Amino acid sequence: MDHARNLGINILVGATSSSVAGCITNPIDVVKTEMQVSNTSIGPISTLQRRISQRGVMSLWAGIPAMILRSFFYAGLRFGTYEPIKDILGAKQNPTMWRKLLAGTLSGSLGAMAANPVEVVKTRIQADPSRYSSTGAAFMQMASTEGIAGFSKGLIPHILRGASVTASQLAVYDDTKHRLKQHTGLAEGIPLRFCSSMVAGIVVTTASSPFDVIKTRCMTQARG
């Protein structure tokens, strides 16, 4: 009972925190998505300016409802199941890097599989807000015209991205934090978390970028 309760709390906390962060960073995600689907080689600032001039400032928050829904599947599951999987693999008694990486890979893959239909809708709305009248309309239109194949678009690169993101983010953060505490004497607190997050952020961006580009291009394609 306690394990189920803790799992539920971890999923809820992960989903809620991801939703709040997503609302703040959505403009960056929109610009990233537009750059990934564009055939031009302009930079992020020029992409941002073009987006605002063509679609308006509010288009930078396109896909918010889908992003929040996605958070409960993707972030909730990958954060919520990481610790239980890590415990099953014996990482608490023997915190080796490979155990943490495997736990991150499994939890990230699980979250990506569960969230893929919502991820497709979110990505399409961010890339082109005029494509669907609403998030609900997107689900209904895709279900009637594309079926399961539409909701499964980009599934493999999405799983690979989820696995690489979670494995590198959580495992590298966890391991960096452990090593910094062991070798530098840093105590639990903001400086330790900040340094660990910086290292994990660099690794996760590098590891996941190729899969992210492929995922976005697959998901934004119409049927056929």
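**Reading helix packing and burial**

Q: Where is the place of Met142?
A: Met142 lies in helix H5 (residues 135-145); helices here are DSSP runs of H or I with at least four residues, numbered from the N terminus. This is a predicted model, in which local features need pLDDT of at least 70 and side-chain atom pairs count only at pLDDT 80 or more. Residues are numbered from 1 along each chain.

Q: Is Met142 buried or exposed?
A: Buried means under 20% relative accessible area, exposed over 50%, with partly exposed in between (1.4 Å probe, protein chains only). Met142 has 0% relative accessibility and therefore counts as buried. Leaving aside neighbours within four places in sequence, its contacts include Val120, Tyr132 and Phe151, contact being heavy atoms within 4.5 Å.

Q: How are two packed helices described?
A: The description uses the angle between their axes and the distance between the axes. Axes are lines fitted to C-alpha atoms over the stretch in contact, and angles run from 0 to 180 degrees between N-to-C directions. For H3 (residues 64-88) and H7 (residues 155-183), the angle is about 50 degrees and the axes are 12 Å apart.

Q: Which orientation do H3 and H7 have to each other?
A: Angles under 35 degrees count as roughly parallel, over 145 as roughly antiparallel, 65 to 115 as roughly perpendicular and the rest as oblique. H3 and H7 are therefore oblique.

Q: What about H7 and H8?
A: H7 and helix H8 (residues 190-219) pack at about 170 degrees, with axes 8 Å apart. They are therefore roughly antiparallel to each other.

Conventions: Side-chain values use heavy atoms; hydrogens and water are left out. Helices (H or I, at least four residues) and strands (E, at least two) are DSSP runs, numbered from the N terminus.
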